[in-house]
Amino acid sequence: MPIRTMRASGTPRTTGSPGAPDSAPGRTGTTAKARPRRAGLRGEGTWGWLFVSPMVLVLGLFMVLPILMALWVSLLHWDGQSNPFSGQADFVGLDNYRTLLTQDGLDRTLFATSLRNNAYYVLLTVPLQTVLALTLALIVNQRLLRGRGALRTTFFFPSVTSSIAVSTVFLFLFQGSGAVNSMLSWIGLKGPNWFADPRGVLSLILSGLGIVDPERPAGVLADHSLMGLSWFEWLAGPSVAMCTIVLLAVWTTSGSFMLIFLAALQNIPRELEESAAMEGVNRRQMLRYVTLPALRPVLFLVLTLGLISTWQVFDQVYVMGQGAPGNTTLTPAFLSYSAGFDNADFGQGSAIAFILLALILVLTAFQRWALRERGVHTGRTR
């Protein structure tokens with residue numbers, strides 16, 4: 001039964017049964033509590049943006065703005081002598097991209113050659129440096145190994161050495177009369193003139209087997225072409241000189257990735273390994289079913305970093321031949337530099353850089369899709 005009460009003014013008011021909540025004051029209280037909370041969140045967001053604003057300004061000024069400027073330059077025919085934003089440079093639209101991708105000519109042939117060389121460089125360097133880095137991390141992660149600190153320092157030392165200095169040392173080691181060929185002569189082998197040999201490794205193997213004549217390829221390999229290069233030129237493999245640069249890259253980068261793998265290995269719970277050992281698994285099974293699944297995110301990180309760095313290789317190529325011999329060590333990054341600073345065509349150089357950026361983004365997305373964690377889908381039981 002409702003109870004009639006008296007207000008302060010003397011007018012009656014009907015309320016509900018004793019213990020029933022009063023709806024109007026309740027709504028007012030909830031709203032009053034929500035408003036300070038929202039105001040507090042807005043205040044935290046404002047302070048957050050205030051604290052990160054210096055870094056946002058730095059990134060915008062030194063990264064985003066130059067990227068947008070380079071994108072505009074890629075649409076121009078600009079020699080670098082005038083202001084590209086004053087109208088003195090010729091606006092050519094997508095002509096720089098058409099010249100590199102669709103129009104027959106020397107520019108497209110050189111760009112295709114650089115893509116071929118860099119593709120073989122990536123296919124060799126990324127797997128080798130990843131496997132070597134993981135192997136070294138597994139070795140120095142053993143608890144009973146003596147001198148683990150010294151080994152870690154030794155393996156990591158090439159990664160902190162100047163790439164220019166290491167490239168110069170490799171030039172002396174792999175000369176025709178260098179230390180590498182001298183060591184090969186001890187076992188009866190005659191080493192090639194490494195940095196002056198433009199022959200593809202796969203073509204040399206096929207020639208040794210008598211399958212293909214590298215001097216005069218015939219059939220489908222010679223009759224068909226892609227972007228100005230015949231199929232035989234695409235499939236000839238990396239040159240002997242490029243293989244030397246691959247060895248240099250693997251030796252200098254595996255130490256950094258070893259530390260990344262080592263940190264991930266030390267983060268794996270020991271209980272997981274001990275329980276697997278109690279089940280009687282051997283080392284190979286431990287690596288396949290316990291260690292590698294736990295390293296999946298780190299493996300994706302290492303492969304992504306390796307993919308990006310190998311597609312942007314420049315300093316080793318600049319020091320060890322600048323595309324020689326026969327453009328077999330030419331890469332898109334060096335071609336972009338050469339187009340801008342040697343040929344005074346900064347528009348084409350910027351276009352090469354953005355094509356390379358798009359290629360890296362596509363390959364990274366594909367790599368992420370390939371390494372994603374696939375769940376087990378089970379059907380509905382009846």
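The model is predicted, and the secondary structure of the protein amounts to 16 helices and 6 strands. Of its 382 residues, 31% count as buried, while the protein exposes about 24,400 Å², of which carbon and sulfur atoms supply 64%. Among contacts in the protein with a separation of 6 or more, 67% come from residues 24 or more positions apart.

The structure holds 16 aromatic pairs. In one of these, the ring centres of phenylalanine 314 and tyrosine 337 lie 5.3 Å apart with the planes at 70°, and the pair is therefore edge-to-face, since that class takes angles over 60 degrees. Because phenylalanine 314 sits in the loop between α13 (296–311) and α14 (315–319), whereas tyrosine 337 belongs to helix α15 (residues 332–342), the pair ties together parts that are 23 residues apart in sequence. Both residues also belong to one aromatic cluster, which Trp78, Phe314, Tyr318, Phe334, Tyr337, Phe341 and Phe346 form.

| Residue | Relative accessible area | Class |
|---|---|---|
| Phenylalanine 314 | 26% | partly exposed |
| Tyrosine 337 | 27% | partly exposed |
| Threonine 125 | 1% | buried |

Threonine 125 is placed in helix α3 (residues 106–140), and with a relative accessibility of 1% this threonine counts as buried, because the class covers values under 20%. When its neighbours within four places in sequence are left aside, threonine 125 is in contact with Val246, Ala249, Val250 and Thr310.

Note on methods: Residues numbered from 1 in each chain as written. Predicted model: local features only at pLDDT ≥ 70, side-chain atom pairs only at ≥ 80, totals over all residues. Heavy atoms only, no water. Phe/Tyr/Trp six-rings, centres within 6.5 Å; stacked < 30°, edge-to-face > 60°. Helix = DSSP H or I, 4+ residues; strand = E, 2+ residues; numbered from the N terminus. Buried < 20%, exposed > 50% of the residue type's maximum accessible area, 1.4 Å probe, protein only. Contact = heavy atoms within 4.5 Å. Areas by Shrake-Rupley, 256 points an atom, 1.4 Å probe, with all protein chains shown as cover.
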